[in-house]
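Here are my notes after going through the model you sent over.

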Amino acid sequence: MPHPGKRPTPPSSETAFPPGSVIAFLADRSQLDFEVEFYGKVISGAPDFAEVLRVQASNLTTKGRLQDGLAIDRQLVATRPADPTAHYNLACRYALLKQPDHAIGSLRKAVELGYRDFSFMEEDHDLDSIRKDPRFRQLVKEYRTQKK
């Protein structure tokens, strides 16, 4: 008999959950897969929930679902048009998808709205595809010299 205050030991691979059970299904899923499904359901009921949109776009991108992440980022920008971080994240998604014109345009909008973390911008690997673009360098130069 187990000690009353002791937690039960989770099953090992030798004592797997019954096939087809809900617990077996959940045990085989990653946290990321769970979140993508969960937040997808939240968004379907609350499409303007900005915090969830941010997390979902990031999760989808992490899973390699860049087009889906882009769609969520567009939805976030439509929901929060004055949010510089939303525009920055949209620029990142466009850059990851190798769409430099859209990436630079969204990045410019982010900076116009107040995004000023130029050090991060210059190191963010999401922007690697546009970093050597003269428009990127001009944008950083133009706004970095302005008073904050």
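1. A cut-off to start with: a residue is called buried when its relative accessible area is under 20%, and exposed when that area is over 50%. Thr61 has a relative accessible area of 16%, so Thr61 is buried. You'll find Thr61 in helix 3, which covers residues 50-62. Leaving out residues up to four places away in sequence, Thr61 touches Leu66, Gly69, Arg93 and Leu96. Do keep in mind that this is a predicted model.

2. Now the overall picture. The protein has 148 residues, and 32% of them count as buried. Take the contacts with a separation of 6 or more: 50% of them come from residues 24 or more positions apart.

3. Back to helix 3. Its 13 residues reach 18 Å from the first C-alpha to the last, close to the 18 Å expected at 1.5 Å a residue. Which residues of helix 3 are buried? They are Ala50, Val52, Leu53, Gln56, Ala57, Asn59, Leu60 and Thr61. Those buried residues pack against helix 2 (31-45), helix 4 (66-79) and helix 5. Just past the end of helix 3, Gly64 takes a positive phi of about 85°.

4. Helix 2 is one of the partners of helix 3. The two pack at an angle of about 140°, and their axes are 9 Å apart. That angle makes helix 2 oblique to helix 3. Their crossing is left-handed. On the helix 2 side, Leu32, Glu35, Val36, Tyr39, Gly40, Val42 and Ile43 take part, and they meet Val52, Leu53, Val55, Gln56, Asn59, Leu60 and Thr62 in helix 3. Sorted by type, the residues of this contact come out as nine nonpolar, four polar and one charged.

5. Next, helix 3 with helix 5. Here the packing angle is about 15° and the axes are 12 Å apart. Helix 3 and helix 5 are therefore roughly parallel to each other, and they cross in a left-handed sense. Helix 3 brings Arg54, Ala57, Ser58 and Thr61 to this contact, while helix 5 brings Thr85, Ala86, Asn89, Arg93 and Leu96. The tally for the contact of helix 3 with helix 5 is three nonpolar, four polar and two charged. Thr61 from point 1 turns up again here.

6. Helix 5 itself spans residues 84-96. With 13 residues at 1.5 Å each, helix 5 should span 18 Å, and the 18 Å between its end C-alpha atoms agrees with that. The buried residues in helix 5 are Ala86, His87, Tyr88, Leu90, Ala91, Cys92, Arg93, Tyr94 and Ala95. What covers them? The cover includes helix 3, helix 4, helix 6 and helix 7 (118-123).

7. Then there's helix 5 against helix 6 (residues 100-112): an angle of about 165°, with the axes 8 Å apart. Helix 5 and helix 6 are therefore roughly antiparallel to each other. Helix 5 passes helix 6 in a left-handed crossing. Helix 5 makes the contact through Pro84, His87, Tyr88, Leu90, Ala91, Tyr94 and Ala95, and helix 6 through His102, Ala103, Ser106, Leu107, Lys109 and Ala110. By type, the contact of helix 5 with helix 6 holds nine nonpolar residues, three polar and one charged.

8. Have a look at the loop between helix 5 and helix 6, where Lys98 lies. Most residues other than glycine have a negative phi. Lys98 has a phi near 60°, a positive value in a residue other than glycine. Is Lys98 buried or exposed? Lys98 has a relative accessible area of 62%, so Lys98 is exposed.

9. Last one: Arg131, in the loop between helix 7 and helix 8 (134-144). Arg131 counts as buried because its relative accessibility is 18%. Not counting residues up to four places away in sequence, Arg131 touches Met121, Glu122, Glu123, Asp124, His125, Phe136 and Arg137. Arg131 and Ala95 are 36 residues apart in sequence, and their C-alpha atoms are 9.4 Å apart in space.

Methods: Residues numbered from 1 in each chain as written. Predicted model: local features only at pLDDT ≥ 70, side-chain atom pairs only at ≥ 80, totals over all residues. Heavy atoms only, no water. Axes fitted to C-alpha atoms, helices over the stretch in contact; angles between N-to-C directions. Helix = DSSP H or I, 4+ residues; strand = E, 2+ residues; numbered from the N terminus. Parallel < 35°, antiparallel > 145°, perpendicular 65-115°, else oblique. Left-handed = near helix turned anticlockwise from the far one by under 90°. Contact = heavy atoms within 4.5 Å. Nonpolar A, V, L, I, M, F, W, Y, C, P; charged D, E, K, R; others polar. Buried < 20%, exposed > 50% of the residue type's maximum accessible area, 1.4 Å probe, protein only. Expected span 1.5 Å × (residues − 1).
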